[in-house]
Amino acid sequence: MESLELDPVVLAGGLYFTPARLEYFPHAQQLDRGGVIGRATSESHVPRDPGPLARLTAMLDALWERHHDEHGLVTLRYVTRVYLATRR
């Protein structure tokens with residue numbers, strides 16, 4: 001899981017904003033086999049050389065095979081955390 005941490009004390013220490021409150025925004029993305037492979041391989045850091053790309057595609061295919069539901073979909077779940085503050 002990718003996570004970037006923010007210390008809310010940094011926000012609260014300023015004169016320009018009220019203390020921040022934390023809000024959560026869950027989201028889910030359902031993908032078929034092609035969507036899983038397309039989503040993963042569209043990232044800029046994915047290898048483009050045929051050998052490594054073929055190995056990655058095979059691993060993604062195996063993951064889809066293990067985790068897809070009865071409709072042939074896997075669900076990627078996300079939660080975005082947002083600190084909100086009001087300008088004073």
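Accessible areas here come from the Shrake-Rupley method with a 1.4 Å probe, and for residues only the protein chains shown count as cover. I looked up the total first: the protein chain exposes about 7200 Å², and carbon and sulfur atoms supply 59% of that area.

Before going further I noted the ground rules. The model is predicted, so local features need pLDDT of at least 70 and side-chain atom pairs count only at pLDDT 80 or more, while totals for chains, interfaces and linings use all residues. Residues are numbered from 1 along each chain as its sequence is written, and side-chain values use heavy atoms, with hydrogens and water left out.

Entry: overall layout. I counted three helices and two strands in the protein chain; helices (H or I, at least four residues) and strands (E, at least two) are DSSP runs, numbered from the N terminus. Along the sequence I read the pattern α-β-α-α-β. I then checked burial, where buried means under 20% relative accessible area, exposed over 50%, and partly exposed in between (1.4 Å probe, protein chains only). Of the 88 residues of the protein chain, 11% count as buried. For contacts (heavy atoms within 4.5 Å), I took those with a separation of 6 or more: residues 24 or more positions apart account for 78% of them.

Entry: helix α2. I looked for buried residues in α2 and found Gly-35, Val-36, Ile-37 and Thr-41. The buried residues of α2 pack against β1, α3 and β2 (74-84).

Entry: α2 against α3. Two packed helices are described by the angle between their axes and the distance between the axes. Axes are lines fitted to C-alpha atoms, for helices over the stretch in contact, and angles run from 0 to 180 degrees between N-to-C directions. For α2 (residues 33-41) and α3 (residues 50-67) I noted an angle of about 135° and axes 10 Å apart. That makes α2 oblique to α3, since angles under 35 degrees count as roughly parallel, over 145 as roughly antiparallel, 65 to 115 as roughly perpendicular and the rest as oblique.

I then listed the residues that meet. From α2 these are Arg-33, Val-36, Ile-37, Ala-40 and Thr-41; from α3 they are Leu-53, Leu-56, Thr-57, Leu-60, Asp-61, Trp-64 and Glu-65. By class, the contact has seven nonpolar, two polar and three charged residues (Ala, Val, Leu, Ile, Met, Phe, Trp, Tyr, Cys and Pro count as nonpolar, Asp, Glu, Lys and Arg as charged, and the others, Gly among them, as polar).

Entry: two residues of α3. I found Leu-63 in helix α3, partly exposed with a relative accessible area of 39%. Its C-alpha atom is separated by 9.3 Å from that of Val-74, 11 residues apart along the chain. His-67 also lies in helix α3, and counts as exposed at 54% relative accessibility. Not counting residues up to four places away in sequence, His-67 touches Leu-73 and Val-74.

Entry: Ala-20. I placed Ala-20 in the loop between α1 (8-12) and β1 (21-31). Ala-20 counts as partly exposed, at 24% relative accessibility. The C-alpha atoms of Ala-20 and Leu-84 are 64 residues apart along the chain but separated by 5.1 Å.
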